[in-house]
Amino acid sequence: EEKIVARRRGGFCYECNGLFHDLLRDIGFDVRMCSARMLFEGGQLSPSFEHMVLIVRLRGRDCLVDVGNGESLRAPLWLDSRELSQTPEGKVYRLGRYKGLRALQVRAADAASWQLQYAFTIESCELSDFAARCRYQQTSDDSAFTRRKLVTLARHDGRATLLGRNLKVVRAGAVIEEEDLPDDSAYRNCLRDRFGIRI
């Protein structure tokens, strides 16, 4: 909470969804943390607890909620529905199945084929169940979080992403702005002005 709310530094899934879980629980929602597995190259699923999602029970129905997966769905999706959820950056999401697991699928708004975003369970987990994968993500040379600098922010009309020193702003599936920042000063200014992060 201190990192995300007070210092405005953002976080990754265990932090964002973990904090959102506590907020929802504290205001009276029936919510549980669940394990998700990301898709690796070659079609293999990552280990369990690679990602955390939330399942919230509303009016007798369960829905998937995820505020910690970078570019992902923006609204809850009912588990018992085939509804679609479209984001301002031009992605469409739905729930399906993958290798016997529930799955979040994604496609570009103008595309025909669906891709797996992640597969997930609906069994309740404790925060401590995610500890080993969290340590791996923070310390391993093989983790995507240690190999590159990444900041992404959902906007009302799209998404801004800073990967290394490349800034990209997307709206409705189209890149409306892209810039390679020339130096560390420009990088810090971009973090401050575009993402509200001061380092």
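Modeller: A residue counts as buried when its relative accessible area is under 20%, and as exposed when that area is over 50%. By that rule, 39% of the 199 residues of the protein chain are buried. Please keep in mind that this is a predicted model.

Colleague: How does the radius of gyration of the protein chain agree with that of a compact globule?

Modeller: A compact globule of 199 residues would have a radius near 16 Å, and the protein chain has 17 Å, which agrees. Along the principal axes, the C-alpha atoms fill a box of roughly 50 × 40 × 35 Å. The secondary structure comes to 5 helices and 12 strands.

Colleague: What is the order of the strands in the open sheet of 8 strands?

Modeller: The general idea is that strands of a sheet pair through backbone hydrogen bonds, either parallel or antiparallel. Here the order is β4-β3-β2-β1-β8-β7-β6-β5, and the pairing is antiparallel. Strands β4 (77-78) and β5 (85-86) stand at the edges; each has a single partner strand, so one side of each lacks a neighbour in the sheet.

Colleague: Which strands does helix α2 touch?

Modeller: Helix α2 (residues 13-26) packs on the sheet and touches β1 (30-38), β2 and β3. The direction of α2 makes about 20° with that of β2.

Colleague: Which residues of helix α3 are buried?

Modeller: An α-helix has 3.6 residues a turn, so residues three or four places apart point the same way. In α3 (residues 131-139), the buried residues are R133, C134 and Q137. Seen down the helix axis, they fall within an arc of 105°, so they line one face of α3. They pack against α2 and α4 (144-147). The face turned away from the buried side carries the exposed residues R135 and T139.

Colleague: How many disulfides does a search of the whole structure find?

Modeller: A disulfide is a covalent bond between the sulfur atoms of two cysteines. The search of the whole structure finds 0. For C13, the nearest cysteine sulfur is that of C134, 7.8 Å away. For C63, the nearest is that of C34, at 11 Å.

Colleague: Is C63 buried or exposed?

Modeller: C63 is buried, at 1% relative accessibility. C13 is buried as well, with a relative accessible area of 5%.

Technical notes
Residues are numbered from 1 along each chain as its sequence is written. This is a predicted model: local features need pLDDT of at least 70, side-chain atom pairs count only at pLDDT 80 or more; totals for chains, interfaces and linings use all residues. Side-chain values use heavy atoms; hydrogens and water are left out. A disulfide is a pair of cysteine sulfur atoms within 2.5 Å. Buried means under 20% relative accessible area, exposed over 50%, partly exposed in between (1.4 Å probe, protein chains only). Two strands pair if DSSP finds at least two bridges between them. Helices (H or I, at least four residues) and strands (E, at least two) are DSSP runs, numbered from the N terminus. Contact means heavy atoms within 4.5 Å. Axes are lines fitted to C-alpha atoms, for helices over the stretch in contact, and angles run from 0 to 180 degrees between N-to-C directions. The arc is that of the directions from the helix axis to the C-beta atoms. The radius of gyration is taken over C-alpha atoms; the globule rule is 2.2 Å times the number of residues to the power 0.38.
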